[in-house]
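Have the coordinates open while reading.

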Amino acid sequence: MLVGWTKRGERPEFDIVTGVSTGALTAPFAFLGPSWDDRLTQAYTGQAAGQILKSRGLGLLFHPSFYGADELHRLVVSYVTDDMLRAIAVEHRRGRRLLIATTNLDTEQTVIWDMGAIASRGDAASRKLFEDVLVASTSITGVFPPALIQIDGPNSGKGGRHLSEMHVDGGVTIPFFVAPESLLLWTAEKGMARPGRL
């Protein structure tokens, strides 16, 4: 749809792009615009995409999901590149927002991730977090296993604790993700939102 929109010459630049469930995989490309259409097409039609639904065979009897997460993770890692993160960080500084929703399994609550703020950190940990959030949001319950996301506190790496949370498809708690008006006004007034989660 996005590529077709580009070909018609009618595709706008979105101030805010939200993603939930499989839409989380499309969201970064929608956010970055038509110059990323070729990479969007490759992500959805390339060899890596064709391997996502790889059968577990009899192993299905011993796992809580139909498919493993390895191939999904490989797909996400293959297209979340340094240049993508830099481009997202640039647009974030312009005031545009890329938001992805997941569901925290422990609290059964929706978590909204500010992906532009994560990309803006520019280190290996932020890249991994960016990838893990996309995998988690796409991990449809029963189809893919939950994704473990490491949540580092202010003292992490200095003898502090490393906390991890299990997240799944944001569609479990918020099937159609529209950013609330209060959030839109808050981000417009404050500029960059808190890094990571809103």
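A crossing counts as left-handed if the near helix is turned anticlockwise from the far one by less than a right angle, and as right-handed if clockwise. By that rule, α2 passes α6 in a left-handed crossing. The model is a predicted one.

Two packed helices are described by the angle between their axes and the distance between the axes. The table sets out two such pairs.

| Helix pair | Axis distance | Crossing angle |
|---|---|---|
| α2 and α6 | within 10 Å | roughly 60 degrees |
| α5 and α8 | within 10 Å | roughly 135 degrees |

Angles of 65 to 115 degrees count as roughly perpendicular, those under 35 as roughly parallel and those over 145 as roughly antiparallel; the rest are oblique. α2 and α6 are therefore oblique to each other. α5 and α8 are therefore oblique as well. The hand of the α5 and α8 crossing is right-handed, whereas α2 passes α6 in a left-handed one.

How many residues of α2 are buried? The count is 8 of its 10 residues, and the helix is mostly covered. Among the buried residues are Ala24, Leu25, Pro28 and Phe29. Ala30, Phe31 and Leu32 are also on that list. Gly33 follows α2 and has a positive phi, near 100 degrees.

In soluble globular proteins, nonpolar side chains tend to be buried together. Here the largest nonpolar core has 36 residues. Those with the most contacts inside this core are Tyr79, Trp113, Met115, Phe130 and Leu134. Which element gives the most to the core? α2 does, with 7 residues.

**Rings**

The structure holds 1 aromatic pair. The ring centres of Phe29 and Tyr79 are 4.8 Å apart and the planes stand at 45 degrees, so the pair is tilted. Phe29 sits in helix α2 (residues 23-32) and Tyr79 in helix α5 (residues 70-79), so the pair ties together parts 50 residues apart in sequence. Are Phe29 and Tyr79 buried or exposed? Both are buried.

Two arginines lie over ring faces. Arg39 is over the face of Trp36, at 3.6 Å from the ring centre. Arg96 is over the face of Phe31, at 4.3 Å from the ring centre. Phe31 is one of the buried residues of α2.

**Contacts across the sequence**

Asp70 is in helix α5. Asp70 is exposed, with a relative accessible area of 55%.

His92 belongs to helix α6 (residues 82-93). His92 is buried, with a relative accessible area of 3%.

Most residues other than glycine have a negative phi. Ser21 has a positive phi, near 55 degrees. Ser21 is in the loop between β1 (16-19) and α2. At 16% relative accessibility, Ser21 counts as buried, because the cut-off for buried is under 20%.

Glu108 also has a positive phi, near 60 degrees. The loop between β2 (97-104) and β3 (109-114) holds Glu108. Is Glu108 buried or exposed? Glu108 is exposed, with a relative accessible area of 63%.

How values were computed: Residues numbered from 1 in each chain as written. Predicted model: local features only at pLDDT ≥ 70, side-chain atom pairs only at ≥ 80, totals over all residues. Heavy atoms only, no water. Phe/Tyr/Trp six-rings, centres within 6.5 Å; stacked < 30°, edge-to-face > 60°. Helix = DSSP H or I, 4+ residues; strand = E, 2+ residues; numbered from the N terminus. Buried < 20%, exposed > 50% of the residue type's maximum accessible area, 1.4 Å probe, protein only. Lys NZ or Arg CZ within 6 Å of the ring centre and 35° of its normal. Core = buried A, V, L, I, M, F, W, Y, C linked by side-chain atoms within 4.5 Å. Axes fitted to C-alpha atoms, helices over the stretch in contact; angles between N-to-C directions.
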